Amino acid sequence: MVLVNFMLLGVQAQGRRMTIDEVDSLAAQHNLQLKTVQLEVDAAEGQLAQARKYENPEVQLMHNIQNPLNRRWFDVGYDGETDIQISQPIAIGGQYKNKVKRAKASLNATQAGYQAEMMNVRWEARTSFIDLYNAQQKLKVYDKEIASVEKIHKAFDEQAAKGNVSKMETFRIAAMLNQLRGEKMELMLQENHIQKDLRLLLNLKDEAEMEAEMDENAAICGVAELLAKMQGEKYSLLQNHPEMVQAKYLEESAQHAIRVEKSEALPRISLNGEWDKNGSIGHNFFAVGATVSLPLWNRNQGNIRSAKAQYAQAAIERQQRKKELQASFRLHYQATLQNLNRVEEQKQQLSAGIEQLLSAAEEQFLKRNISVIEFVDLYSSYRDTQFMLQDAKSQLLKSCEELKKYTGFVK
């Protein structure tokens, strides 16, 4: 049953070949979280459109129930008494303009927030892809080891049946084979979790397993080129980071909010017009005038004070975000540089002849030139070395993606 499961999982792993650029593109197009944030942009656009609208006029219509002259009910004739009033609010002192500016700054902040979320989603998808590639490369190491140990186990079984080797050595090889299969199964379960998370990020409709493809040498060369490009620009790259742009517009929106609240402290003015058909003044009375509120007791001081506090808070948050981005850039730049040096050193010291180690160990053991303990130790060293090299490459690529996220170089 275990072997059948391995075979099924191996077939599924060949379902969909993907590169990191394909994953990046799918995340940008189909991620559900991005679609949610896009709706926030649509809502902000609606708020701006609404802020640009002028206030509607108000019409008041009154008709006398019973005419006191002729005692008629709801008299609509010549002697009927009808009064129509119309009122149009007029914005003064920036009451209209500042609301529009605040809504526009809020829209710009929401759009920048969408770009920041886009960058985060794409970074998460790219790093998940790197984790998937790392796990699948380790699985290939297990496949090589298991194939080699199975070959040796078969040969030892034949020799044990003839009495040429001890059953203890055969049992030790069988135990080693089962251990490798168990470790591979654990790694495959980890890979399945990565597949699940990546499928959710990309919002894939099918259940086909993904097989990660990557040109490691080209990717590592790309890291070196990116570090060289950033060497002369440093923190200037952060000025156009979406999170910095968002913080800037949030501060601007808070500043306009202060002006809105101050303009609300001004009088409210409405232009009025009236037509009275048969009022006390006479027949067909027409009049125009204005209504002005008197800000005697309520001058909106509380809202102004609150808006000023929110503006100060937005300014502090912008400064804090700038410091955080600078610190993160410095951290990930150094980490990427160190990881690159580490990979280069390991490639020179460990990768040379590592593939020949497995076949050499297999050949020497079959010729009985090394003991079973030495054989197991050589296989373990081969696996540990391969995993160490692969983990170093994975860490380098992930730190590079982190650096791209903080400097806006994710394409």
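Helices (H or I, at least four residues) and strands (E, at least two) are DSSP runs, numbered from the N terminus. The model shown is predicted, so local features need pLDDT of at least 70 and side-chain atom pairs count only at pLDDT 80 or more, while totals for chains, interfaces and linings use all residues. Residues are numbered from 1 along each chain as its sequence is written, and side-chain values use heavy atoms, with hydrogens and water left out.

View 1. N31 has a relative accessible area of 5% and is buried (under 20%; exposed is over 50% and partly exposed lies in between, with a 1.4 Å probe and protein chains only). Its side chain reaches the backbone nitrogen of L34 at 3.0 Å. A polar atom of the N31 side chain also lies 2.8 Å from the backbone oxygen of L201. Beyond the neighbours within four places in sequence, N31 is in contact (heavy atoms within 4.5 Å) with L26, V121, L200 and L201.

**View 2. A155 in helix α4 (residues 97–162).** A155 is partly exposed, at 27% relative accessibility. The C-alpha atoms of A155 and T170 are 9.4 Å apart in space, and the two residues are 15 apart in sequence.

**View 3. An open sheet of four strands in the order β2-β3-β5-β6.** The pairing is antiparallel; two strands pair if DSSP finds at least two bridges between them. β2 (58–63) and β6 (283–292) are the edge strands, each pairing on one side only. Six bridges join β2 to strand β3 (residues 82–90) in the antiparallel sense. In β3, S87 stands opposite E58.

Technical notes: A polar contact is a pair of N or O atoms within 3.5 Å; within protein, one must be able to donate a hydrogen and the other to accept it, and residues adjacent in sequence count only if both atoms are side-chain atoms.
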